[in-house]
Amino acid sequence: MIPISKPFIGAEEKQAVQEVMDSGMLVQGPRTAKLEEKFASICDTKFAIATSSGTTALHIALLAHNIGPGDEVITTPFTFMASISSILYTGARPIFVDIDPETFNINPGLIEKAITKNTRAIMPVHLYGYPCDMLSIMDIAKRHNLVVIEDAAQAIGARYDGKSVGSFGTGCFSLYATKNIMSGEGGMITTDDEVYAQQCRMIRNHGMQRRYYHDMLGYNFRMTDLHAAIGVVQVDRLQDFTAKRRLNAEYYSNNILTARVPSVKPGYEHVWHQYTIRLDKGRNRDAAVKQLNEAGVGTGIFYPVPAYAQKPVCDLGYGDITLPVTEEVVKQVISLPVHPLLTQEDREKVVGEVNKL
Ligand SMILES: Cc1ncc(COP(=O)(O)O)c(C=O)c1O
């Protein structure tokens with residue numbers, strides 16, 4: 001089976017972890033600081049704050065903007081549940097806006113209608129590694145005095161209008177094992193604001209600036225140096241991995257004939273965390289997935305259910321929402337293996353099997 005994702009773990013990653021173990025300095029030490037420095041440099045931001053996961057990065061980023069009960073955060077329903085859980089953890093309410101059928105990202109043309117007196121933030125999600133229309137989103141946020149928290153978990157290295165994702169608003173990234181670069185588990189917050197960065201660091205570590213003096217209620221959302229050591233090695237692989245993902249995506253787009261392939265608008269630098277085809281309305285996706293899997297092609301359905309229809313969200317009284325584009329797309333998408341370890345033989349097999357559908 002050609003797997004839908006495959007983490008790359010080389011001799012350098014193993015050596016880096018071994019060195020941390022030998023050093024005895026296991027948690028939030030020099031490797032974490034190094035990873036933060038390298039990450040800020042990729043994202044062109046002044047600060048990067050490492051966290052235990054992408055989910056905790058989002059949670060901290062919201063808390064550090066003082067978002068909590070009574071506040072509303074506008075976001076997309078076509079995302080991984082963590083985007084939504086992080087909002088719910090703070091006591092705020094996610095407000096769902098439909099997606100653009102071409103990019104699968106939040107449709108900026110629908111955001112303003114969702115703004116109320118309680119709206120505090122917009123959380124765009126750069127789904128599959130395709131940047132959202134950040135110029136429009138930043139313009140809306142500025143006019144309505146809203147915070148922007150970019151869920152860039154899937155989009156490390158993606159750029160829009162010449163700028164890195166995570167540098168428009170507050171950026172939140174994931175370094176989970178299957179992401180474009182990874183540290184096993186891990187996350188990162190990016191910002192240019194020094195006071196805000198310090199607030200994030202405090203929330204991450206029990207509300208402390210000075211050891212055992214707690215200025216606020218915080219959490220243990222720290223990254224370990226074992227994870228950071230892997231991340232430091234992987235950051236140097238980002239360019240190469242991204243180039244390979246782009247070649248894979250280009251090959252698919254040029255050769256797949258039986259389904260709608262993704263297109264990328266000018267000014268958007270996609271990093272292809274996922275390569276996602278869309279079947280026409282009425283076609284049987286379960287049968288297509290079964291056929292591909294039986295032929296040895298791994299697939300992923302990201303995501304089969306709109307976030308507002310997930311049980312923990314439904315239970316909060318979102319039962320009546322139906323957003324038409326999201327409702328259709330969740331039934332039609334299939335992601336194909338696009339990771340950098342694919343061979344030419346793999347690519348040909350994927351295309352051959354997709355074209356038999
Ligand atoms: C869009 C999105 N947001 C948030 C997350 C959460 O990241 P993590 O798994 O590192 O907690 C993910 C991870 O899959 C994601 O895809």
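Which residues point one way from strand E14 (residues 333–336), and which the other way? In this predicted model, Val333 and Ser335 point one way, Ile334 and Leu336 point the other way, and all are buried. Strand E14 is joined to strand E13 (residues 275–278) by 4 bridges, and the two strands run antiparallel. Within this pairing, Ile277 stands opposite Ile334.

Strands of a sheet pair through backbone hydrogen bonds, either parallel or antiparallel. Here 3 strands follow the order E7-E6-E12, with antiparallel pairing. Strand E7 (163–164) and strand E12 (268–269) are the edge strands, each pairing on one side only. Strand E6 (residues 159–160) is connected to E7 by 2 bridges, and Arg159 has Ser164 in E7 as its bridge partner.

Side chains of opposite charge can pair when their charged atoms come close. The structure holds 17 salt bridges. In one of them, Asp44 is paired with Arg159, and the closest N and O atoms are 3.2 Å apart. Because Asp44 lies in the loop between H2 and strand E1 (47–51) whereas Arg159 belongs to strand E6, the pair ties together parts that are 115 residues apart in sequence. Asp44 has a relative accessibility of 47% and therefore counts as partly exposed; Arg159, at 22%, also counts as partly exposed.

Another salt bridge is formed by Asp71 and Arg120, with 3.3 Å between the closest N and O atoms. This pair links distant parts of the chain, 49 residues apart: Asp71 is in the loop between H3 and strand E2 (72–75), and Arg120 is in strand E4 (residues 119–123). Asp71 is buried, since its relative accessible area of 14% falls under the 20% cut-off. Arg120, at 26% relative accessibility, counts as partly exposed.

The salt bridge between Glu328 and Lys281 has its closest N and O atoms 4.0 Å apart. It likewise links distant parts of the chain, with Glu328 in helix H11 (residues 324–329) and Lys281 in the loop between E13 and helix H9 (285–294), 47 residues apart. Glu328 is partly exposed, with a relative accessible area of 28%, whereas Lys281 is exposed, with a relative accessible area of 65%.

Helix H3 (residues 54–64) is mostly covered, with 9 of its 11 residues buried. Among the buried residues are Gly54, Thr56, His59 and Ala64. The N-terminal end of H3 is capped by Ser53, which has a side-chain oxygen 3.3 Å from the backbone nitrogen of Thr55. After H3 comes Asn66, which has a positive phi near 60°.

A polar backbone atom of Gly54 is 2.8 Å from an oxygen atom of the ligand. In the side chain of Asp151, an N or O atom is 2.7 Å from a ligand nitrogen, while an N or O atom in the side chain of Gln154 is 2.8 Å from a ligand oxygen. The ligand taken alone exposes 390 Å², of which the protein buries 92%.

On the surface, Met21, Leu26 and Val27 form a nonpolar patch with about 250 Å² of accessible area together. Leu26 is located in the loop between helix H1 (11–23) and helix H2 (30–43), and its relative accessibility of 38% makes it count as partly exposed.

Notes:
Residues numbered from 1 in each chain as written. Predicted model: local features only at pLDDT ≥ 70, side-chain atom pairs only at ≥ 80, totals over all residues. Heavy atoms only, no water. Patch = residues over 30% accessible without salt bridge, like charges linked within 9 Å, V, L, I, M, F, W, Y side chains within 5 Å. Areas by Shrake-Rupley, 256 points an atom, 1.4 Å probe, with all protein chains shown as cover. Salt bridge = Lys/Arg side-chain N within 4 Å of Asp/Glu carboxyl O. Buried < 20%, exposed > 50% of the residue type's maximum accessible area, 1.4 Å probe, protein only. Polar contact = N/O pair within 3.5 Å; in protein donor to acceptor, adjacent residues only side chain to side chain. Pairing = 2+ DSSP bridges.
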